[in-house]
Structure formats: C-alpha cells, structure tokens
Amino acid sequence: MKFSSAVLLLAAVSTQAVWRSQDPLAETSDVGLFDTNEAAKYATAEDIALSVAKDLAFDPISSPFGEEVEVEPSPVTEIAAVETPVEIPVETAVEETVVTEAGPALVEKKPKHKLADGEVKKFVVMTTSRSGSTWLGSILQSHPQILFHLHECLADEFSLKTCVEDWNVDPMLMEGQYSLQGTPMTNLLDSFYQKPKDLPWKSHIGFKWMTQQLMKKNQTNEDAAVEWLVKNDVAVVALRRENKLRKCASIYDMQERKKSGQTVHKFVSDKSQWGETKIEVPLDHWKWCLGWYDMTDGILNRVTMNPRVDAIHVYYKNLCTDTENQLQRIKEFINVPMPIKETKKSFVKIHSAKTMYDIVSNWEEIRTALLATVHADKITEFENLEEC
C-alpha cells in the first residue's frame, strides 16, 4: 500500500457537552477528533487539558462507596508528520499468550498476514481503571497510521455515539436506533472500526475497553466478547497493572483532585505540589475498591488469557520503566509499519513514592484492618512493590 502525499499532518480538537457516565469509574474523554480537513491544526494534550479546565464544568457522579468520581478528560496529542510513500511490510512474527502457573507467558506464533489495500487491522486496549490506559491511548492516537478512539466507547451513551461517528465516517448504526443496553454488544463493537474515506493512510483502528463495561456480571457478554475477538481477528493489548493497592490509591486521589478543582491527570506544566504529600484514605474505600479490582481483573484474565484470543500482555510497571521496548512490542504485535513512540512527555506521575507508607498517611491503620479481611494477601504482595 503506497501513498503519494509528501507530508500529512492531522489533528483537531472539539469540546463536547458534559454527560453523566453509566460507568462510575470510566476514564472517559470529553474531547475528540472532528474535522480532518483542518489538517494544519493540532493541539497538545496540555493545551486541551487547559481548555477543558476553563470551558467545561464536570458533572460529579456517585461511586458505589458514596464518593464523587469525575468523568475524566483524555488528552489528544500531536500527530507526527507522515513521510510517504509508506508500504506495509511483509509478514511479521508475533507473540502468543499461553497460561502458566506463573501467569501470562509468551511463545512464538505464526506470522501475521500482510494487509491488503484498504484493509484495516482491528485492535483493542483491554484494561482496568487507573492502569495507564489514557497515557498509552494518547501515544497510540499520535501515531501517523493509527486511529484510536479517545473516548471509552462503551462507558456511556455520549461516548458510544462519539465513537460510532468518529472521524466523520458513514456510521454503520443510525442515530437514535442504537444504545448500550438495547443493541447487541457485537453490533456496537463492529461500528467502531469504520475507516474514513479521506484517511487512506490509516491502516489500524483501536479503542480502549475497560472490563467493567458491558461485561461486569454478564457472562453472556463476556463469552460474546471472546467470540467476537476471535471471529474478527482483533489484536488485544492487555494492559495490566498488578498493584491493586496503588490503583485504589489512584482512584481516591482522582476523586480528591476533582474536589479541589484539579484535572484528573497532572500535566508537565502543573507546578503544584500535588502528589508530594501523603493522602488519608478511608477504610471503606479500600474494602470496596479491592473487591472491585478482584472482579474487573478477573474479567481481564478470563478474556485475554483465553488461548483462542490473540493477546499481548503489557505491564504498567514495564511500560513506565522500559517505555521504548514495550511500545516496540506493541508495534510488532499489531503489525503497524512505523515505530510507536512517545514524542512528547505530557503527564507527571502522581504519588510515585516507594511504599504505601510513603503514599497513605493512615496506612498502618488500613493495613491492620485489611489483614483481617479476605484482602490480606494483597497487603503482603503489593504494599512494598515499587512501580515507577
């Protein structure tokens, strides 16, 4: 597949109305790509965050444990120039996941086929909340040959509509005739992969799927998801953050940032001291949150470790400490020709201290209480586990 244009720049930003998410932990975006004819315009993640903070009033929603959770903005980053001609390379060997006692392992798999002219490679980033998916998604979206939905397509009706209509495609589903609960899940999934006619150089399309979305306590949809992934040859990037204690602290911090008027993510221009001091997290939060992750991580394991599903497992800690190599793994796995790179640092990690004692001011109290619950094993496994 070759293209004649010398250099193509793409990016645009549009602000959307605020909505009430059906998923209380959705990391949904309220900005997205729109008019691709404005090819000379682009915005950085930082620019967009500042714009959103000024212009939009987020609608607080209640989490299952009575705290407010913010509908979270997801940044749009620069899209690099594409120098052409570009040709899809010959077959590339990739990895296959097998299940071992130690967890996901990788073995050699048969090469992926060469994409035909006009063919789209489908992929999905499947993950759980607060696992680095906004960061990874912004990197993927900035790639010249990848279209990546910035909204969590299955989080709420607004995000669903945005993904169905992203990039000015001719939508497969007619407006007003589909919904999260009223339309078969597989029909919704199919609609996210429409290729825009005016972006012929885009060969890969993906979106972010939080495992609680349409699969929580729904074995029928979970089974249907596996069948759809297999039938449609969808590559699954399973983004895993093992440390559930840190994820729960991150959720609580997200809520506290909302209450104080901060954006959910801390950007490089933010010179505040947020994240440099300890936070006090109530026990009820931990009890709910750790149970939540037992459920959502369980779905992630069952779907992505199914031997029929084409999946690669990317660990948050490795993505932080060895970013270049992990992005190379993803590049080879989804078989995209040009390198996947983080061209600009947009985010600052919050609470990067070494242990839970360094993050949570009342950790000794929480630790003692949790050791007497079904979550005791998580204390010994994760409380001193560093990330990045």
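In the predicted model, the crossing formed by helix 7 and helix 10 is right-handed. Helix 7 spans residues 283-304 and helix 10 spans residues 363-370. The two helices pack at an angle of about 50°, and their axes lie 10 Å apart. Because angles under 35 degrees count as roughly parallel and those from 65 to 115 as roughly perpendicular, helix 7 and helix 10 are classed as oblique to each other.

The contact between these helices involves Leu 283, Trp 286, Lys 287 and Leu 290 on the side of helix 7. Their counterparts in helix 10 are Trp 363, Ile 366, Ala 369 and Leu 370. In an α-helix, which has 3.6 residues a turn, residues three or four places apart point the same way.

A further helix, helix 2, covers residues 133-141 and is mostly covered, with nine of its nine residues buried. The buried residues of helix 2 include Trp 135, Leu 136, Ile 139 and Leu 140. Ser 133, Thr 134, Gly 137, Ser 138 and Gln 141 are likewise buried in helix 2.

With regard to the chain as a whole, eleven helices and 15 strands are present. The protein chain has 388 residues, of which 55% are buried. Its accessible surface comes to about 16,400 Å², and carbon and sulfur atoms account for 50% of that area. Among contacts in the protein chain with a separation of 6 or more, 77% are between residues 24 or more positions apart.

How values were computed:
Residues are numbered from 1 along each chain as its sequence is written. This is a predicted model: local features need pLDDT of at least 70, side-chain atom pairs count only at pLDDT 80 or more; totals for chains, interfaces and linings use all residues. Side-chain values use heavy atoms; hydrogens and water are left out. Axes are lines fitted to C-alpha atoms, for helices over the stretch in contact, and angles run from 0 to 180 degrees between N-to-C directions. Helices (H or I, at least four residues) and strands (E, at least two) are DSSP runs, numbered from the N terminus. Angles under 35 degrees count as roughly parallel, over 145 as roughly antiparallel, 65 to 115 as roughly perpendicular and the rest as oblique. A crossing is left-handed if the near helix is turned anticlockwise from the far one by less than a right angle, and right-handed if clockwise. Contact means heavy atoms within 4.5 Å. Buried means under 20% relative accessible area, exposed over 50%, partly exposed in between (1.4 Å probe, protein chains only). Accessible areas come from the Shrake-Rupley method with a 1.4 Å probe; for residues, only the protein chains shown count as cover.
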